[in-house]
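Welcome! Here is a short tour of one protein model. Please take a look at it before reading on.

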There are 2 protein chains.
Amino acid sequence: MDIATRVYNHKWKIDPIVRSLIDTDFYKLLMCQSVFRNRRDTQVTFSLINRSTHIPLADLIDEGELREQLDHIRSLSLSRGESTWLRGNTFYGKRQMFRSDFMEWFENLRLPPYHLERKGNQYELTFEGTWPEVMLWEIPALAVLMELRSRAVLNRMDRFELQVLYARAMTKLWEKVERLRGLEDLNIADFGTRRRHSFLWQDWCVQALGEGLGDAFTGTSNCKIAMHREMEAIGTNAHELPMVYAALAESDAELARAPYEVLSDWHDEHEGNLRIMLPDTYGTEGFLKHAPDWLAGWTGIRVDSGDPAKGAEFAIDWWQARGEDPREKRVIFSDGLEVDKIIALHRQFSGRVKVSFGWGTLLTNDFRGLVPNDALAPFSLVCKAVTANGRPTVKLSDNPEKAMGPEDEIARYKRVFDVGEQERIKVTV
Amino acid sequence: MDIATRVYNHKWKIDPIVRSLIDTDFYKLLMCQSVFRNRRDTQVTFSLINRSTHIPLADLIDEGELREQLDHIRSLSLSRGESTWLRGNTFYGKRQMFRSDFMEWFENLRLPPYHLERKGNQYELTFEGTWPEVMLWEIPALAVLMELRSRAVLNRMDRFELQVLYARAMTKLWEKVERLRGLEDLNIADFGTRRRHSFLWQDWCVQALGEGLGDAFTGTSNCKIAMHREMEAIGTNAHELPMVYAALAESDAELARAPYEVLSDWHDEHEGNLRIMLPDTYGTEGFLKHAPDWLAGWTGIRVDSGDPAKGAEFAIDWWQARGEDPREKRVIFSDGLEVDKIIALHRQFSGRVKVSFGWGTLLTNDFRGLVPNDALAPFSLVCKAVTANGRPTVKLSDNPEKAMGPEDEIARYKRVFDVGEQERIKVTV
């Protein structure tokens with residue numbers, strides 16, 4: 001036994017969930033650099049939203065413990081090794097993806113204050129400040145809430161029940177790996193940081209996929225794990241860019257242009273595999289119909305809401321109509337994936353486009369059926385930009401269940417973006 | 001990291017499988033003391049017998065490694081703490097079960113030489129010398145061979161396959177625990193040392209049963225684990241006693257008396273829960289029919305071959321015929337147990353007698369179905385007394401598949417013990 005290590009461990013007041021500023025999604029850092037360059041001074045509010053209202057977070061999680069975890073995150077700063085990795089690493093084949101001015105800013109960053117209040121059996125948790133700072137709260141805040149909820153359930157279990165629980169979870173994951181092994185030209189990455197069961201479990205899942213799937217496993221969105229396990233960090237961009245750009249628009253005409261402006265800024269900064277558009281923020285159909293031709297030249301598309309097969313078929317038709325060969329294009333599926341769905345989508349689209357999967361919650365948090373009352377089943381927790389320079393943001397997506405924003409603004413956006421009837425699909429994770 | 005420990009570990013030339021002379025079955029020590037008192041100078045030969053000839057042990061296990069493990073066992077002696085535990089512990093409610101003269105002998109014991117030779121794809125492994133010394137080879141020799149075979153298969157697997165393998169094995173065991181939990185007044189102990197998958201796995205299984213079954217788990221036959229985990233050490237006596245006593249008989253009349261002489265010696269030494277007879281060495285039916293009345297007063301019976309339900313029914317009839325109340329008697333089932341069989345026997349006999357289970361190979365070595373070609377499935381390896389003072393030993397048991405000895409001697413024993421037709425039951429473990 002190493003006495004010194006044991007004694008050192010005693011000095012921790014808490015067992016911190018997030019222990020590094022790069023224990024976050026890679027695309028957050030890519031977007032942060034873009035925002036830092038283009039919209040540095042925008043004031044935003046991010047807010048936690050528990051779409052699964054049947055999970056009484058404030059009853060499950062002690063407010064004091066939650067504050068301790070969030071306070072711990074505010075004490076973090078980029079370590080020298082982390083900075084070296086970000087500066088020196090090759091991402092998507094490109095060196096020095098992060099510019100020096102951004103890195104200097106990031107090295108000096110501490111996350112801004114948070115506002116936490118109990119409302120009934122839920123928490124109201126918001127972050128206010130400049131966009132580049134506040135946006136970095138999203139992933140760690142979600143990871144902390146998810147893991148504190150896991151701990152609340154695990155605390156009631158004794159040592160052997162825990163061992164057996166993880167034995168079963170490992171077995172469950174490995175059965176998925178074995179089913180996926182059969183797929184030719186599979187291309188799958190871990191997107192499960194935000195709603196993971198726990199950090200250690202995500203780390204295990206990533207290693208298991210690496211070991212079990214070999215080259216078919218392309219990497220993880222989690223920078224900390226990518227660094228530690230010497231894997232590729234994966235990701236491009238998310239809804240918050242068009243949402244904030246749209247909220248800042250001064251007219252309906254500017255609003256209609258906003259999603260393309262986001263990608264125009266992105267186009268200036270990135271090439272190749274980072275040129276992946278996310279078209280569903282205000283409806284995929286309208287987005288593609290009105291898209292400028294240079295967007296058809298992009299590398300691919302991420303399908304993140306609605307019926308994924310419909311979305312991909314729509315994109316294929318659109319590329320063909322714009323004179324592009326879909327077989328050269330990449331389609332990344334990333335919404336609520338599970339093995340059956342992955343296999344079905346792979347079967348339908350493999351060979352017709354380059355297919356990738358960004359596997360999230362049901363990779364890193366599939367404890368369904370493993371404890372009584374399914375108390376560890378994952379649920380739908382998000383943390384979103386809700387205002388930008390005082391104005392509300394809006395998200396429509398291809399599923400009205402995922403729509404966000406004030407009703408009148410939703411109506412206006414639907415009009416501006418020409419969104420008709422949408423299929424309603426139940427959101428579980 | 002504790003550098004000193006790491007460096008110390010480097011000094012091991014091998015990873016020893018058996019690291020203690022009390023990593024053995026408790027009944028071996030009870031029997032050893034009895035033999036030490038009554039038949040100390042008997043010269044015996046013990047020999048390894050692989051009943052599962054389809055397992056090519058000599059192809060799987062390197063002879064050099066096997067020799068290293070056996071040599072390591074010869075270097076072991078009783079540690080001070082182990083001696084203190086044996087001297088100071090209460091076994092079956094009795095203090096000082098082990099007499100001082102025996103403990104002094106045991107403290108100075110080193111195991112005698114072994115003879116190892118490759119014969120085709122099997123090993124011939126024999127031990128010769130005085131009975132109290134040689135008999136202590138049985139359990140460690142079996143454990144070494146079983147674990148070297150496990151290692152031979154595990155060596156081909158990589159780190160994650162191993163993790164998943166053990167996750168599955170844990171899940172499998174825990175499902176058994178959950179099925180057994182429902183049984184009222186269950187009484188079950190670990191008898192799985194000799195054919196365990198590995199020491200660490202047995203240790204885990206024992207802990208899992210302790211945690212999962214609570215008081216229904218009565219302990220382990222393994223002294224090392226019982227000491228370390230502060231559990232009961234369980235066991236009474238085995239076939240080797242009547243086998244050697246019988247081989248030493250000078251006439252058919254002496255031979256017919258031999259099995260009762262064993263128990264007469266045992267009667268003098270032990271009381272209560274240690275007075276459990278093992279009647280099947282030369283056929284349960286004849287043994288009970290000709291048994292002296294004082295044996296009907298014993299605490300119970302162990303059923304270790306043949307159809308277990310038939311054996312128990314036969315014992316119940318016998319007790320009733322001798323004026324004993326079967327509800328006061330204990331029946332210990334210990335032959336090839338698996339959960340279905342345990343549940344069925346428990347259902348049939350609970351309430352009619354006191355039922356106990358000694359769960360062996362399929363507790364500590366059930367890796368069936370977990371690797372390709374079932375390469376980790378347990379098999380039937382034994383190590384038996386084959387000669388005593390130069391004469392061959394014989395075992396008949398209630399299943400001719402388990403019979404041992406020269407043909408003419410088997411015929412003679414069948415005649416002397418009045419053994420008729422026996423049901424043939426396939427032996428897997």
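Is A:His239 buried or exposed? A:His239 counts as buried because its relative accessibility is 4%; buried means under 20% relative accessible area, exposed over 50%, and partly exposed in between, with a 1.4 Å probe and protein chains only.

## About the model

This is a predicted model, where local features need pLDDT of at least 70, side-chain atom pairs count only at pLDDT 80 or more, and totals for chains, interfaces and linings use all residues. Residues are numbered from 1 along each chain as its sequence is written, chains are lettered from A and ligands numbered from 1 in the order in which they are written, and side-chain values use heavy atoms, leaving out hydrogens and water.

## A closer look at A:His239

An unreviewed UniProt entry lists A:His239 under "modified residue: Phosphohistidine"; positions follow the numbering used here, feature names are shortened, and annotations may be inferred rather than shown by experiment. In chain A, A:His239 lies in the loop between helix H11 (223-229) and helix H12 (240-247); helices are DSSP runs (H or I, at least four residues), numbered from the N terminus.

Leaving aside residues up to four places away in sequence, A:His239 touches A:Leu278, A:Asp280, A:Thr281, A:Asp304, A:Lys384 and A:Lys395. Contact here means heavy atoms within 4.5 Å.

## Two domains

Chain A is divided into domain 1 (17-155 + 380-394) and domain 2 (161-364), with bounds from an automatic or database domain assignment. The contact takes 51 residues from domain 1 of chain A and 42 residues from domain 2 of chain A.

Across this interface the rule finds 9 salt bridges, each a side-chain nitrogen of Lys or Arg within 4 Å of a carboxyl oxygen of Asp or Glu.

How values were computed: Helices (H or I, at least four residues) and strands (E, at least two) are DSSP runs, numbered from the N terminus.
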